[in-house]
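The structure is shown first.

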Amino acid sequence: MEDSDTHDRLVVDSITDDDLLFVDDDHFSADSVAIVTGAGSGIGQATALALAANGLTVAATDVDEDGLAETVDEAERLDTDGSVETVVADLTVDDDVERIVGRATDFGTVRYLANVAGLQHIDAIEEFPMNQYDLMHDVMLRAPVYLSKLVVREIRDTDDGVGAVGNMASVHGHYVTADKVGYNVSKFGIRGLTQSVAAEGGDGLRAFSVSTGYVKTPLVTDQIPDTAEQRGISVDEVIDDVMLGQSRVKEMMDPADVANLFVFGFSTHGDHLNGGDLLFDGGMTLTYE
Ligand code: NAD
């Protein structure tokens with residue numbers, strides 16, 4: 001059996017400056033704090049690094065302490081202009097959610113929130129465990145709502161009211177696949193949160209979502225060799241036919257490609273992006289063969 005270390009299409013190279021979008025923005029400085037959830041792995045880790053590379057102070061939070069330590073090591077390796085501060089917290093616990101924002105205010109002026117943390121569970125709707133549904137709801141919807149509530153207050157308290165909430169949605173916030181009801185509902189819901197913040201913003205305060213197809217993160221790459229074995233097909237066939245069958249672009253995205261969308265969305269170049277979704281899915285949801 002091939003594993004993610006042996007198949008070159010599943011390997012994620014370490015992020016370098018060449019992978020990252022750099023934006024000249026008056027608010028991208030050490031005084032400005034960006035809270036990033038899920039920052040111990042995959043897309044959240046890359047987003048924390050990209051924002052720190054752009055000079056922001058990042059309040060990187062995750063339940064995974066080792067993952068956060070790796071994010072700090074990666075920031076040191078990249079020699080980012082901004083620092084990565086860590087807050088170990090469980091997004092299912094309200095006290096932890098409040099502590100994340102409290103700690104972030106110690107680091108500087110909180111202007112940006114990237115809601116990235118997430119998890120997957122696969123089961124038919126009639127079998128879907130409600131405790132698993134509740135967990136997904138708490139991490140992927142309730143915590144983003146609560147964090148937005150607290151961060152919007154911080155943004156309104158800044159001298160100029162400039163700031164943004166960026167939410168990680170998915171193609172599953174546009175269309176759905178079977179056996180993922182918890183995920184599908186959360187991703188449609190987070191687009192509702194995005195538009196709700198946008199409706200109350202506009203005067204400096206903005207919100208946007210990011211929707212991608214498959215991204216090379218442990219959440220995805222770890223299961224591909226098993227899927228190949230279960231179905232009796234090759235890793236390439238899983239990638240090309242099962243995952244990217246409806247996509248016109250036949251390679252998965254790297255985490256840094258997604259992180260750059262948060263950099264752009266938070267920047268002044270996103271001033272007219274309010275409630276909108278950055279759909280970078282390689283044509284997956286909008287084309288049909
Ligand atoms: P990942 O598993 O690499 O990272 C998810 C992180 O969320 C982990 O570090 C995990 O510890 C954290 N997390 C989970 N439960 C938590 C909790 N209770 N409290 C705090 N942190 C918690 O996954 P990823 O692929 O980087 O996914 C990040 C986001 O991107 C998710 O919202 C996912 O739905 C979304 N997404 C991923 C893909 C993809 O193909 N990988 C595609 C579209 C959208």
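Is aspartate 240 buried, partly exposed or exposed? With a relative accessibility of 25%, aspartate 240 counts as partly exposed. The model discussed here is predicted.

**Overall form**
- The protein contains nine helices and seven strands. Its radius of gyration is 18 Å, close to the 19 Å that the globule rule gives for 289 residues, so the protein is as compact as a globular protein of that length.
- Along the principal axes, the C-alpha atoms fill a box of roughly 60 × 40 × 35 Å.
- Of the 289 residues, 53% are buried.

**Salt bridges**
- The structure has ten salt bridges.
- One of them joins aspartate 240 to arginine 9, at 2.7 Å from N to O. This pair links distant parts of the chain, 231 residues apart: aspartate 240 is in helix α8 (residues 235-243) and arginine 9 is in the segment before β1.
- Arginine 9 is buried because its relative accessible area is 14%, and the limit for buried is under 20%.
- Arginine 142 pairs with aspartate 94, with their closest N and O atoms 2.6 Å apart.
- Arginine 142 is partly exposed at 41% relative accessible area, and aspartate 94 is partly exposed at 29%.
- Within helix α3, aspartate 106 and arginine 103 are three residues apart, about one turn of the helix.

**Surface charge**
- A negative surface patch is formed by Asp13, Asp17, Asp18, Asp19, Asp79, Asp81 and Asp257.
- Aspartate 13 lies in the segment before β1 (32-37) and is exposed, with 63% relative accessible area.

Terms used: Residues are numbered from 1 along each chain as its sequence is written. This is a predicted model: local features need pLDDT of at least 70, side-chain atom pairs count only at pLDDT 80 or more; totals for chains, interfaces and linings use all residues. Side-chain values use heavy atoms; hydrogens and water are left out. Patches are made of residues with over 30% relative accessible area and no salt bridge: like charges are joined within 9 Å, nonpolar side chains (Val, Leu, Ile, Met, Phe, Trp, Tyr) within 5 Å. Accessible areas come from the Shrake-Rupley method with a 1.4 Å probe; for residues, only the protein chains shown count as cover. A salt bridge is a side-chain nitrogen of Lys or Arg within 4 Å of a carboxyl oxygen of Asp or Glu. Lys and Arg count as positive and Asp and Glu as negative; His and the chain ends are not counted. The place of a charge is taken as NZ of Lys, CZ of Arg, CG of Asp or CD of Glu. Helices (H or I, at least four residues) and strands (E, at least two) are DSSP runs, numbered from the N terminus. Buried means under 20% relative accessible area, exposed over 50%, partly exposed in between (1.4 Å probe, protein chains only). The radius of gyration is taken over C-alpha atoms; the globule rule is 2.2 Å times the number of residues to the power 0.38.
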